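This report describes selected features of one protein model, from its surface to its strands. Please consult the sequence and the structure shown below while reading.

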Amino acid sequence: MLAELYQRGCLKARFPRPESAAWPEALLLNVSGGVAGGDHLETEIALGENTRAILASPAAERFYRVLAGDDPARVSTTITLAPGAHGEWLPQESILFNACALSRQIDVTLAAGAVFLGVEMLVFGRTAMGERLQAGDLRDRFRLFRNGRLQLQEMTRLSGDIAARLAGRATGAGAGATALLVYAAAAAGARREALRDALAGVEAGVSLVLPDLLIARILAPDTRGLRRAVMAGLHVLRDRRRMPRVWQG
């Protein structure tokens with residue numbers, strides 16, 4: 001049951017008929033059609049005790065080229081799960097246009113017994129149109145806290161000649177897209193081998209960071225390859241439940 005909803009500006013929430021009545025869905029959308037320099041988007045989500053929900057987006061988010069003199073786009077997302085809550089953070093990919101400037105941070109806070117599954121996908125340029133991200137500025141941070149303690153911090157910093165940096169073997173190895181999968185649950189360790197099997201043949205690494213924290217990092221040449229790999233991983237971590245309809249197109 002929705003206890004509170006406040007929205008203002010271009011950020012909206014919609015509540016479609018879910019694939020399963022046991023898993024309510026919320027679609028978070030940006031009705032402006034993309035994010036430009038100087039935009040500031042802030043989202044706060046809280047799941048109550050022993051609740052569950054899927055948080056998704058209806059389409060890819062686009063981060064446009066920043067004009068001379070504009071500030072970077074700023075995106076802040078805070079997700080809080082109370083004891084026993086189960087939350088899935090399933091936005092679709094973020095497409096970085098050439099010469100974009102983005103500062104983004106995602107903070108997830110989990111109480112005892114909470115279960116979190118999340119994905120973040122970055123696409124470097126409009127790969128479907130043959131465009132590669134040549135230059136720009138990206139500052140991206142993902143943090144996860146459990147019982148007040150920091151368990152995971154992922155930092156991405158790209159600037160200047162981004163194409164050259166992504167071409168390096170120790171950075172992107174020429175990939176056009178990347179993803180981070182995070183699964184925080186008491187049963188995380190039991191999913192490690194199944195997740196590795198699901199990502200076999202993909203440029204990916206799976207790590208059990210803590211007994212209750214499993215992560216995967218994925219590289220792909222383009223959006224299609226990235227989504228295919230991510231969906232294979234989610235299929236395992238979501239107990240083979242159907243993805244939200246917005247992911248099925």
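Which residues form a nonpolar patch on the surface?

## Basis of the model

The model is predicted: local features require pLDDT of at least 70, side-chain atom pairs count only at pLDDT 80 or more, and totals for chains, interfaces and linings use all residues. Residues are numbered from 1 along each chain as its sequence is written, and side-chain values use heavy atoms, with hydrogens and water left out.

## A nonpolar surface patch

The patch consists of Leu2, Leu5 and Phe15, which together have about 300 Å² of accessible area. Accessible areas come from the Shrake-Rupley method with a 1.4 Å probe, and for residues only the protein chains shown count as cover. Patch members have over 30% relative accessible area and no salt bridge; like charges are joined within 9 Å and nonpolar side chains (Val, Leu, Ile, Met, Phe, Trp, Tyr) within 5 Å. A salt bridge here is a side-chain nitrogen of Lys or Arg within 4 Å of a carboxyl oxygen of Asp or Glu.

Phe15 lies in the loop between strand S1 (11–14) and strand S2 (25–30). Strands (E, at least two residues) are DSSP runs, numbered from the N terminus. With a relative accessible area of 44%, Phe15 is partly exposed, a class between buried (under 20%) and exposed (over 50%), using a 1.4 Å probe and protein chains only.

## The enclosed strand S10

Strand S10 (residues 115–124) is largely enclosed by the rest of the structure, because ten of its ten residues are buried. In a regular strand the side chains alternate between the two faces of the sheet. On one side of S10, Val115, Leu117, Val119, Met121 and Val123 are buried, and on the other Phe116, Gly118, Glu120, Leu122 and Phe124 are buried as well.

S10 pairs (at least two DSSP bridges between two strands) in parallel with strand S7 (residues 86–90) over four bridges, and Gly87 has Phe116 as its bridge partner. Strand S8 (residues 94–96) also runs parallel to S10, joined by three bridges; here Ile95 is partnered by Val123. With strand S13 (residues 177–184), S10 forms eight bridges in the antiparallel sense, and Leu117 stands opposite Tyr183.

## An open five-stranded sheet

Five strands form an open sheet of mixed pairing in the order S3-S6-S9-S11-S12. Its edge strands, S3 (40–47) and S12 (149–161), each pair on one side only.

Within this sheet, strand S11 (residues 135–146) and S12 are antiparallel partners over twelve bridges. Asp140 stands opposite Thr156 in S12.
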